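This report covers a single protein chain.

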Amino acid sequence: MLGILGGTFDPVHFGHLRPALDIQQVLGLEEVRLIPCHIPPHRPQPVADAPLRVAMLEAAIRNYPEFRIDRRELERDGPSWTFDTLMSLRAELGTVSLSLLIGLDAFHDLPTWHRWHELINLCHMVVMTRPGSEIHPEGELEDFVNRHRVMDPAELEKHAVGRVLFQNVTQLEISATRIRTLLAHGENAGFLVPEAVLEIIRREHLYQARTLQ
Ligand code: ATP
């Protein structure tokens, strides 16, 4: 069983890592792949370039062999459609149970995703609840949840795709936006990101006011 968590990771923080570890433990995943996204030139760019975002991820997971970085979106030109990522993972992995980890806020936007109806034929979705958020799918998304929701995590092992699980994770009100803002104001982002990530941020002078776009 494999889990994947996509994101900008600009920078990676404990709000990504702890919930992903919670899910890994609850589901007994063999591996969680962190998939940093490529941002096409016409979209707002991450502040840190791709090699630095990867370097921060590498530093963050150094002592966690159950985490791995998957660079496939960075190696692909054009937008990082989750659909394409799942297709390419499937081509490699065959019928293994694959869970897409997704924050509740991102899940509410699912109907705006490219070919979103087809995603559930390629993976399970594990929705990580975030502080202050409530599950309130509406319209198409509500139908989707009603059709695919399971309450028992064990269901995800029995099947390769097609289930949606809402999983309680450690509630950490941390966002990369807040970290960038703190750093731009010259404040300390300690205990929000791993120390090794903070070291890279300091060394590379990332997220200082003059480098913010
Ligand atoms: P930004 O503030 O730059 O938008 P972010 O902190 O939300 O970034 P992303 O890299 O965009 O981080 O997030 C990747 C995934 O991790 C998304 O599915 C998002 O919902 C989830 N996520 C981010 N922060 C948390 C958190 N504190 N708790 C649970 N899930 C989170």
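## Basis of the model

This is a predicted model, in which local features need pLDDT of at least 70 and side-chain atom pairs count only at pLDDT 80 or more, while totals for chains, interfaces and linings use all residues. Residues are numbered from 1 along each chain as its sequence is written, and side-chain values use heavy atoms, with hydrogens and water left out.

## Strand β1 and its partners

In β4 (residues 98–103), Ser99 is the bridge partner of Gly3. Strands are DSSP runs of E with at least two residues, helices are runs of H or I with at least four, and both are numbered from the N terminus. β1 and β4 pair in the parallel sense over four bridges; two strands pair if DSSP finds at least two bridges between them.

β1 also pairs with β2 (residues 31–36), again in the parallel sense, over six bridges. Ile4 stands opposite Arg33 in β2. Between β1 and β2 the chain passes through helix α1 (residues 14–27), and this β-α-β crossover is right-handed: with the strands pointing away from the viewer, the path from the first strand over the helix to the second runs clockwise.

Five of the six residues of β1 (residues 2–7) are buried, so this strand is largely enclosed by the rest of the structure. Buried means under 20% relative accessible area, exposed over 50%, and partly exposed in between (1.4 Å probe, protein chains only).

## The chain as a whole

The protein chain has nine helices and six strands. Its radius of gyration is 17 Å, close to the 17 Å that the globule rule gives for 213 residues, so the chain is as compact as a globular protein of that length. The radius is taken over C-alpha atoms, and the rule is 2.2 Å times the number of residues to the power 0.38.

Of the 213 residues, 49% count as buried. Among contacts with a separation of 6 or more, 75% come from residues 24 or more positions apart; contact means heavy atoms within 4.5 Å.

## Helix α6

Leu141, Phe144, Val145 and His148 are the buried residues of helix α6 (residues 139–148). They cover an arc of only 100° around the axis, which puts them on the same side of α6; the arc is that of the directions from the helix axis to the C-beta atoms. On the other side of α6, Asn146 and Arg147 are exposed.

The cover over the buried residues of α6 includes α4 (104–108), α5 (116–119), β5 (124–128) and β6 (164–167).
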